[in-house]
Amino acid sequence: MSTTDHAWMALALQLARKGLYSTHPNPRVGCVIVKDGELVGEGWHARTGEPHAEVHALRQAGERARGATAYVTLEPCSHHGRTPPCAEALVNAGVARVVAAMQDPNPQVAGRGLERLRSAGIEVSSGVLETDARALNVGFIKRMESGLPYLRAKLAMSLDGRTAMASGESQWITGAAARSEVQRLRAQSSLVLTGADTVLMDNARLTVRAAELGLDEEMTALAMQRPPLRVLVDGQLRVPLDTPFFQAGPALVASTRSDQAETYRAAGHELLTLVGDAGHVDLLALLRELGVRGANEVLLEAGPRLAGAFAALGLIDEYQLFVAANFLGSAARPLLDLPLERMSEARELQIKDIRAVGDDWKVIAVPAS
């Protein structure tokens, strides 16, 4: 691969990122078409059911696509879904070469798109900026490979690792810049997952607020057209239906009870019964169900009990920690309810990024294993 290939693929990835808030449950994909060193077409996938990136780029290129090179961030699809196969569109357009960042993990594609191109005499290359391409679609890839969505835990804490006062008071630990960052995390997620304690203590709605996104007009519009589903873990149905959470729109409630299903349905919500050990909601079964429903990325915004339960089961893929420059004291609530007794039980993390967000700090970490 040449440096030129890397440069054009970097542009395709930049286009793909425009779909960060809107492509669910599809992957984010960008495409550029180049002929004689000149950009002749570009496109990105914006919404499910609409044309894929390759189609937009081919339409812009027109006849100039013949004999050109197409750079695409994900292997062109080879099957008929809501839209025709992109591999066929590239063949029909007469492109001479296709460079893909990575193979599609979708079993319906999984190399078939690249093989269709080769069989038509098109030169095919794969693996250009693959690490960046995988990072852009980490949730889609995990769901295709394991059936589970990618679970991010958003946690806000003081410098002494506390998340709320003993009374439950927690608004606001961090500043406006950090809260805007959280709004963008919500917007890019397929759904936001929370627990009864958080909703009851904070009167939380867990919605995306356009004014706090800090995005341009185009991206804000895309984000608000596809708000994430809100999922509440409420084993004993403690949260009343007249709370702000339920008044903010349809929600999915995971519980150990099924006797109120019709009541929730009549109010515009869905009750999902998942009984696990010790009478608690089966969290692994919940994630499996969310994966079946097409969830790629799940944002967990919960208190120490629910966040600790997910952590104890090893279900959290990534921690997004927002750290405020204050102390809440030893009586305040911990980050996670995760009782460990020995150093050998410590949960090791690998820090991926640390940066300032306004007056606070953001730490991104993943389980070391």
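User: In which loop is Arg66 found?
Analyst: This is a predicted model, so to speak of local features takes a pLDDT of at least 70 (the predictor's confidence in each residue, from 0 to 100), while side-chain atom pairs count only at pLDDT 80 or more and totals for chains, interfaces and linings use all residues. Numbering starts from 1 along each chain as its sequence is written, and side-chain values use heavy atoms, leaving out hydrogens and water. Helices (H or I, at least four residues) and strands (E, at least two) are DSSP runs, numbered from the N terminus. Arg66 is in the loop between helix H2 (53–61) and strand S3 (69–72).

User: Is Arg66 buried, partly exposed or exposed?
Analyst: Buried is under 20% relative accessible area, exposed is over 50%, and partly exposed is in between (1.4 Å probe, protein chains only). Arg66 has 45% relative accessibility, so it counts as partly exposed.

User: Which residues does Arg66 contact, leaving aside neighbours within four places in sequence?
Analyst: Contact here means heavy atoms within 4.5 Å. The whole set for Arg66 is Lys35, Asn92, Ala93 and Gly94.

User: How about Gln188: is it buried or exposed?
Analyst: Gln188 belongs to helix H7 (residues 176–188). Not counting residues up to four places away in sequence, it touches Leu20, Tyr21, Arg28, Arg152, Arg226 and Glu297. Its relative accessible area is 13%, so Gln188 is buried.

User: Which peptide bond is cis, with omega near 0 degrees?
Analyst: Most peptide bonds are trans. The bond runs from His24 to Pro25.

User: Leu237 has a positive phi although it is not a glycine; what is its relative accessible area?
Analyst: Most residues other than glycine have a negative phi. Leu237, with a phi of about 55 degrees, lies in the loop between strand S9 (229–233) and helix H10 (244–247). It is buried, because its relative accessible area is 14%.

User: And Ala278, buried or exposed?
Analyst: Ala278 isn't a glycine, yet its phi is positive, about 55 degrees. You'll find it in the loop between strand S11 (270–273) and helix H12 (283–292). With 71% relative accessibility, Ala278 counts as exposed.

User: Which residues of helix H13 are buried?
Analyst: Helix H13 spans residues 304–312 and is followed by Gly314, which has a positive phi near 70 degrees. The buried ones in the helix are Pro304, Leu306, Ala307, Gly308, Phe310 and Ala311.

User: Which element has the lowest mean pLDDT?
Analyst: The chain averages a pLDDT of 92, and 97% of the residues score at least 70. Strand S12 (residues 297–300) has the highest mean of the elements, at 98. The lowest mean, 80, belongs to strand S7 (residues 162–164).

User: What radius of gyration does the chain have?
Analyst: The radius is taken over C-alpha atoms, and the globule rule is 2.2 Å times the number of residues to the power 0.38. For 369 residues, a compact globule would come out near 21 Å, and the chain agrees with that, at 23 Å.

User: What share of the residues counts as buried?
Analyst: The chain has 13 helices and 16 strands. Of the contacts with a separation of 6 or more, 69% involve residues 24 or more positions apart. Among the 369 residues, the buried share is 51%.
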